[in-house]
Amino acid sequence: MMSVELWFDTDSEDEEEYANLAAERRRIRDYSDPLDQTEKSFRKFFRVSKDIFLYLLDIVDTKLNPSYQSTAVPPMIMLAACLRFFAEGNYQKGVGNDRFIGLAQPTMSKVLQLVLDIIEKDVCPLVIRFPNEEREKDEIKLGFYEKTGYPGVIGCVDGTHISIITPAHDKHLFYNRKGYYSLNVMLVCDHNLMIRYLDANHPGSSHDSFVWNGSFLNRLLQQNYENGERNCWLLGDAGYPLTPFLITPFRTGGNITERETRFNDMHSKTRITVERSIGVAKNTFRCLLKDRQLHYKPAKATQIINVCIALHNLRIKHKMDYDEPDLSDEEEVEFQGIGENHENAVRIREEIMNNIL
């Protein structure tokens, strides 16, 4: 009998403890204001400035208003909870217990989806934009040229793997050559580390060249080239095909000349901008780091990546400080050779080399 009585007593205590925890979480939500922190503490905690936070809060609050109830989680706490998750990459349970948030795991899960949907739809298209106007392209060209002396560059392209849990379906497609499940994310950045194009829809087994060949950006630049656009190109590593609008390095080996080696060095010093941009984004929003791993289905992981890159761009736009990433772990890429319109592509690369060396 004693054991039965103890069982019921423990169960009763657990229920009381749960009720107390729920009340404490509500008290935290009702009386905490993340904006009460100093600007320095706020940036460290949420990875954005107060100005960026208020900009996002206005959008989230507006979009939630039609269905918002007085008993719901306040929009400020919703946004704060999601920013903490992006910043630290902890499981939702850990974020929900942060001192400014106080959300149970199921609530945190719903809040995350709501905020992701809003920011992806209403912020991402505004802040992740490839340059289309000549003025904007000229500004980026000048920026790269002033930094490295390389002409005509409107962006640098690269791929990066974002770790995810084992998917329920098509596991083999997401298992990458590094030995873990991921999304292969293609990004293009400008001279200021602003990410101008993003494609986070491909499973980890996809090669960088495959992602590029099927991208909207490849089709857009091909169309622009066919319509007469010249002296505008992206820089990519040897994992991408050489085309008139995507310049890759010369193949290294016994037949490479001294001038081609020097060209490759300048190409690399310019292209490293995109590696820095990716590193800064991952170090800032640590949910993107391999060791943190996104514990979501691929579609939701794609949303998280899109939103984190939008936040990265807002940080760059607002000139927020960042730590330089460690780029020492450079991986080898498989040489892809020359793509379509190869004669013009080879000629253009030769002309660039003759102009800068």
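Guide: A cavity is a set of points, on a 1 Å grid over the protein atoms alone, where a 1.4 Å probe fits but cannot get out. Points are joined across faces, edges and corners, and a volume is the space filled by probe spheres set on them. This model is predicted: local features need pLDDT of at least 70, side-chain atom pairs count only at pLDDT 80 or more, and totals for chains, interfaces and linings use all residues. Residues are numbered from 1 along each chain as its sequence is written, and side-chain values use heavy atoms, leaving out hydrogens and water.

Visitor: How many cavities of 30 Å³ or more are counted here?

Guide: The count is one, and the largest cavity holds about 50 Å³ of space.

Visitor: Which elements supply at least two residues each to its lining?

Guide: Lining residues have an atom within 4 Å of a point. Helices (H or I, at least four residues) and strands (E, at least two) are DSSP runs, numbered from the N terminus. Here the suppliers are β1 (153-163), β2 (182-189), α12 (258-284) and α13 (298-317); α12 gives the most, three residues. Among the lining residues are Thr160, Val185, Lys282 and Ile305.

Visitor: What is the make-up of this lining by residue class?

Guide: Ala, Val, Leu, Ile, Met, Phe, Trp, Tyr, Cys and Pro count as nonpolar, Asp, Glu, Lys and Arg as charged, and the others, Gly among them, as polar. The lining of the largest cavity has eight nonpolar residues, one polar and one charged.

Note on methods:
1 Å grid on protein atoms, 1.4 Å probe; cavity = no way out; pocket = protein on both sides within 12 Å on 5 of 7 lines; lining within 4 Å.
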